[in-house]
Amino acid sequence: MANYQELANLVWTVADDVLRGLFKPHEYGDITLPFLVLRRLDCILDEDDRKDKAIHIYNQFKDQVPEEALPPIILREINASFYNTSQYDLSRLTEDPTNIHLNFENYLNGFSQDVRDIVENFNLNHFIEQLHKNDRLFIFCDKFTEVDLHPNQVDNHTMGQVFEELLRRFSEMSNETSGEHYTPRDVVRLLVSLLFAEHGEDLRGQGLVRSIFDPCCGTGGMLTIGKKYFSEQINPDADIRLLGQELNAQTYAICKSDMLITGEDPDSIRHGSSLSNDQFQGQRFDYMITNPPFGVSWKSDEAAVKAEAQTATGRFSAGTPRSSDGALLFLQHILSKMENRGSRVGIVFNGSPLFTGDAGSGESEIRRWIIENDWLECIIALPEKLFFNTSIATYIWILTNRKSEARQGKIQLINAVDFFDQMKRNLGDKNAFISDSHVRQIAELYTNFEETEHCKIYPNDFFGYTKVTVERPLIDAETGDIVTDKKGNPKPDTKLRDHERVPLTEDIEDYYHREVKPHVPDSWIDRQKDKVGYEINFNRYFYQYTPLRSLKEIADEILALEQKSEGLLNEVLGL
């Protein structure tokens, strides 16, 4: 079997040799990845003469059955998940250099619908035109025929490694945009290891079928790494089904291509917005992992989201966040797809979902819904500068609708901000990575479920509070008397109105009489205005007080600096 690194290097060299000077380096992947897919498909169809058989069956039945009935007949007869009924593949195209542009179009149109869908979403036509006009289409096709991707030389696993390696390299060449659709693999490996950390023993044996779903699947890395981890670390005999949805057309094409060339079901990857056009409506999944976009507006989905939020059983009935950040909508979408037998969820967020929004706001209501249902299991604070296009603080949330007995009613917080290695060179904003040893350390903190310097465990209601309204009487400016209503009750002065956050773990009246009444004796609390809120102020729980330096220590340091400065000055002046 071929070595994936050698194959990736060969394809990389082909791209660099042919595309240099004609395209910008960050465009190389847009052209090379679809050609890699086409070459792999040609090699698969080359086995057992599948291509020629498909052409024969097509010609045999095209005038006998309706057009829509042809695909299942061809696929059954050639025992494949796709076909091509044109006379061409990349090798045969090079036999007629003069007509290669016209024949290439014919070649693409001969593929079955799944492949045509991929090619269309790659937006390959634009690049084909440029290659043809600059006499490089023939050269590019010819060079790719030198890359042997036949299944007897390159199995599905190795093919996936080649695709992943090239995807990584091309993404790194375009650091300004790669982070939008490509999650660093060290982050994915950590997320996946946490998702499966505690449940290996329950997943052994034959006949096990499980699903992994990602509603913002990007290029599919979370899905493929999730399956790889499950197969290698938990149960190699399990049937793991990968499903995902992606909004960006080109990224969707990459993900669907990866599924096709590695033997997965390409139909399980769907195109469109998960928020307003759920392609998996009514389906439920065992494991769900995702990295939704940080701080991205959901205004384009607003009408559909708000309509569904009005229904009691809608995905967004718990609340809607501000329109500038839809992260918590994706979490609600995922939670609506939990299996009754128990699902596990891993999601990457920035800090906003932890604390944005006051009591009663959409964000707070969503947190309240999650915590009061006892779904939030653990939050891990990650090191900074892990991502290609942002250096902000990020967090992994682990959620489940079936906690272990020890975890019920509790939330675990892990501070892993120092668990990283420095990279030798930056990749965009990324200059830190989580090594395998750090992944193991963080996973151990999670599974040990014990309080340490890096781990805190709190009851659910620790994160909740009641926002109470403290009123003070309105005073008549002329008489100095308290203004009352018709019933003789004092009217509140809205300018003096204040609020207090009372932890859910405390009695509100006791808190008021202890913390408020002594300072504002004429005040009262209007309990009809109470609002319950939830927030997770991560930094507060791991804050370590550093004592201030003494005045003597500071004075001694200043004196020492002055003496040093004077000595340097004397040396310069030769005194």
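F35, F104, Y107, F111, F140 and F144 form one aromatic cluster in this predicted model. Rings of Phe, Tyr and Trp (the six-membered ring of Trp) are paired if their centres lie within 6.5 Å; planes under 30 degrees apart count as stacked, over 60 as edge-to-face and the rest as tilted. The structure holds 26 aromatic pairs. One of them, formed by F463 and Y541, is edge-to-face, with 5.7 Å centre to centre and 75° between the planes. This pair links distant parts of the chain, 78 residues apart: F463 is in the loop between β11 and β12, and Y541 is in helix α21 (residues 538-541). Helices (H or I, at least four residues) and strands (E, at least two) are DSSP runs, numbered from the N terminus. F463 is buried, with a relative accessible area of 2%, and Y541 is buried at 11%. Buried denotes under 20% relative accessible area, exposed over 50%, and partly exposed the range in between (1.4 Å probe, protein chains only).

Residues are numbered from 1 along each chain as its sequence is written. Because the model is predicted, local features need pLDDT of at least 70 and side-chain atom pairs count only at pLDDT 80 or more, whereas totals for chains, interfaces and linings use all residues; side-chain values use heavy atoms, with hydrogens and water left out.

The largest nonpolar core has 60 residues, and those with the most contacts inside it are L19, F35, L36, L90, F104, L131 and F140. Helix α2 (residues 28-46) provides the largest share of this core, eleven residues. A second, separate core of 46 residues includes L190, L223, I434 and Y446. A nonpolar core is a set of buried Ala, Val, Leu, Ile, Met, Phe, Trp, Tyr and Cys residues joined through side-chain atoms within 4.5 Å. In soluble globular proteins, nonpolar side chains tend to be buried together. Not counting residues up to four places away in sequence, L36 touches V11, F144, L149, M159, V162, F163 and L166, where contact means heavy atoms within 4.5 Å.

Two loop residues were also examined. S112 is placed in the loop between α6 (100-109) and α7 (113-122). S112 counts as buried because its relative accessibility is 6%. Beyond its neighbours within four places in sequence, S112 is in contact with F82 and Y83. D461 occupies the loop between β11 (455-459) and β12 (464-471). With a relative accessible area of 32%, D461 is partly exposed. When neighbours within four places in sequence are set aside, the contacts of D461 are L504 and T505. D461 and I371 are 90 residues apart in sequence and 8.2 Å apart in space, C-alpha to C-alpha.

W524 belongs to strand β14 (residues 524-534) and is partly exposed, with a relative accessible area of 25%. Apart from neighbours within four places in sequence, W524 contacts T469, V470, E471, R472, P473, P490, K491, P492 and Y512. From C-alpha to C-alpha, W524 and D148 are 80 Å apart in space, with a sequence separation of 376 residues.

L551 lies in helix α22 (residues 551-573) and counts as exposed, at 74% relative accessibility.
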